[in-house]
Amino acid sequence: MIPEALVLAKGVSAGDDWVTVEARNVHDALAGLKDDGYRLLTFLTCVDHLADSSAQWPARYEVVYQLRNLETRGQIRVRAFIGGEPPHIDSVSDLFPPANWEERETYDMFGVVFDNHPDLTRILMPDDWVGYPLRRDYPVGGEPVEFSEEHERWQTAPDKA
Amino acid sequence: MTDTVAQGVTITKTGETGAFGGELLTVNFGPHHPSTHGVLRLIVDLDGEQVKRLKPVIGYLHTGIEKQMEALRWQQGVTVTDRHDYLSPPINNLAYALAVERLMGVEVPPRANALRVIMSELTRLSSHLVWMGTSGLELGAMSMLMYCFRERDTILDMNEEISGFRMHTSYIRPGGVTADATPRFLDMLDDFTHKMPGNIDEYEALLTHNPIWRQRTIGIGRLSAEDAKVLGATGPMLRGSGVAWDLRRAMPYSGYEDYDFEIATSDLCDCYGRYLVRIKEMREAVKILRQALDRLPDGPVNVDDRKMLPPPREELETSMEAVIHHFKLFTEGYSVPPGDVYVAVESGRGENGCYIVSDGTHKPRRVKFRSASFVNLQALEQMALNHMVADMIAIIGTADTVLGDCDR
């Protein structure tokens, strides 16, 4: 189990158990859970709580890990809140191999930097993409649509236009 | 480092020496290769014809579905969930609908649950049929595609009958289903459940003992049970490695605990094992359909909650309250209590889940789709190492990834 000292808060949300830990303790907490039989990382993602000052979500980025024990069928959600620009958190891809791509996706979409990740590059967006699409201050429809009659305009880089 | 470009394939010499004294070459496959089931790109290091390293490159079908969900009201999001795993729309709807219902504390009526099970199993069948048809095509059994698409078309006809759409049905929505099953739909389903076992016998006659099919799949793409678990594989990938894990049995939803069916597993751990698992799953799906049809309960197919689902059309002409409810639902939508929830369902490919964070407003704060294809694809390198290039095609085929699901 997670050592009690690492747990900041715990509770149940709509039937799902969750615990909150300090971001710097995520690797230790997940290692503890893995030893306890939670060997499947179902998914890993991030939630952007931009401009929300409620006590429920104390920092802008919430990194969420959903773990499952295939023997007891138990599930637990581990969450860690991080701020800063760029936000940093330890990678868990050494504990759970599927986290490799999930962390790359979270980096690609939210700009969360996973320290000690073997290959932290964009996975869904092109390598030269600017910005992190799933952040809440990234506008929907903010991308210019490229029409062939304007090709001279969109072939010029925006900073040189 | 010299690049040779022939027929669209770029080859780069790596400078490393292989086991047979030759040089390792880096070869790019795809993204627009017909055997990659969508637009998957693979960067492969080859020693002669043997795969020594393999790196999948994804993202070519990224459509920003999770971003779009944040801009849509709760009831509008259903239409977007159809479109990530485009071979199993009702199962995606179901994951989303169950997640929203759990946050709202809503239980759907028994008839809605039975119809949800029927649509899920029909979808599983149609998804496996597309898989079998295209995999057969790739591995030299070309007539499979004709046989499989014949039955798939029957399923699409049923989709059309019950929901009005052939593929992106949006049939299952939070609070119930869009419409009750018509008598014609039930007749079609009855007919289908009688004919389908014979059709599956036909597929087996074409493939199970087909020497070419067996040579192309037996012993190819081995994934041990331990590796499958470590790599997070789910669905037929995990069950094809002998692990009896099925969310319909392990964590039942929509009343699956009341149906009598077996979990299909195979200890072969190879491409042929995964094929046997899917054949068995198709037979079990027909069994579940038969049971659901035989004891389809009567009653409503939606929750009786005017704050969540619009009133019937006829009430609008006589009731002021109904007009207000209608207006509020279609301008503002409903709000979901704050909190987060994760619900997983078993799709044809494995665990397709939906993680929702609500901040109590009429739009979700975050919707994350856990897609089986995305996780299963990471096991590709493990399965394809030291196999021939042609075997890699068999391995991609039996992994059954849908790239729309993978990239979302």
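Modeller: A definition comes first: a crossing is left-handed if the near helix is turned anticlockwise from the far one by less than a right angle, and right-handed if clockwise. The model before us is predicted. In chain B, H4(B) passes H11(B) in a left-handed crossing.

Colleague: What else describes such a pair in general?

Modeller: Two packed helices are described by the angle between their axes and the distance between the axes. Here the axes of H4(B) and of helix H11 (residues 271-294) of chain B come within 9 Å and cross at roughly 155 degrees. Because angles over 145 degrees count as roughly antiparallel, H4(B) is roughly antiparallel to H11(B).

Colleague: Which residues make the contact between H4(B) and H11(B)?

Modeller: On H4(B) they are B:Ala114, B:Val117, B:Ile118, B:Glu121, B:Arg124, B:Leu125, B:His128, B:Trp131 and B:Met132. From H11(B) come B:Arg278, B:Glu281, B:Met282, B:Ala285, B:Ile288, B:Leu289 and B:Ala292. By class, eleven of the residues in this contact are nonpolar, one is polar and four are charged.

Colleague: At what angle do the axes of H3(B) and H4(B) cross?

Modeller: Helix H3 (residues 89-104) of chain B and helix H4 (residues 110-138) of chain B have axes that come within 8 Å and cross at roughly 135 degrees. That angle makes H3(B) oblique to H4(B). In this pair, B:Pro90, B:Ile91 and B:Leu94 of H3(B) meet B:Arg116, B:Met119, B:Ser120 and B:Thr123 of H4(B). Four residues of the contact are nonpolar, two are polar and one is charged.

Colleague: How are H5(B) and H6(B) oriented to each other?

Modeller: The axes of helix H5 (residues 143-163) of chain B and helix H6 (residues 183-207) of chain B come within 11 Å and cross at roughly 165 degrees. H5(B) and H6(B) are therefore roughly antiparallel to each other. H5(B) passes H6(B) in a left-handed crossing. The residues in contact include B:Tyr147, B:Thr154 and B:Met158 of H5(B), and B:Phe185, B:Phe192 and B:Asn199 of H6(B). The contact has twelve nonpolar, three polar and five charged residues.

Colleague: Let us turn to domains. Into which domains is chain B divided?

Modeller: Chain B has domain 1 (3-57) and domain 2 (65-304 + 335-407). Taken over C-alpha atoms, the centres of domain 1 and domain 2 of chain B are separated by 32 Å. Twelve residues from domain 1 of chain B and 18 residues from domain 2 of chain B take part in their contact. Strand S5 (residues 50-57) of chain B gives the most to the domain 1 side, with four residues. That side has six nonpolar, five polar and one charged residues.

Colleague: How many residues of each chain are in contact across the two chains?

Modeller: In chain A there are 26 residues in contact with 32 residues of chain B. Strand S3 (40-48) and helix H2 (99-110) of chain A each supply at least two residues of the chain A side. S3(A) gives the most to this side, with six residues. The chain A side consists of 15 nonpolar, six polar and five charged residues.

Colleague: What confidence values does the predictor give the complex?

Modeller: For the complex, the ipTM is 0.85 and the pTM is 0.88. Chain B has a mean pLDDT of 87, and 96% of its residues reach 70 or more.

Terms used: Residues numbered from 1 in each chain as written. Chains lettered and ligands numbered in written order. Predicted model: local features only at pLDDT ≥ 70, side-chain atom pairs only at ≥ 80, totals over all residues. Axes fitted to C-alpha atoms, helices over the stretch in contact; angles between N-to-C directions. Parallel < 35°, antiparallel > 145°, perpendicular 65-115°, else oblique. Contact = placed C-beta atoms within 7 Å. Nonpolar A, V, L, I, M, F, W, Y, C, P; charged D, E, K, R; others polar. Domains from an automatic or database assignment. pLDDT = per-residue confidence, 0-100.
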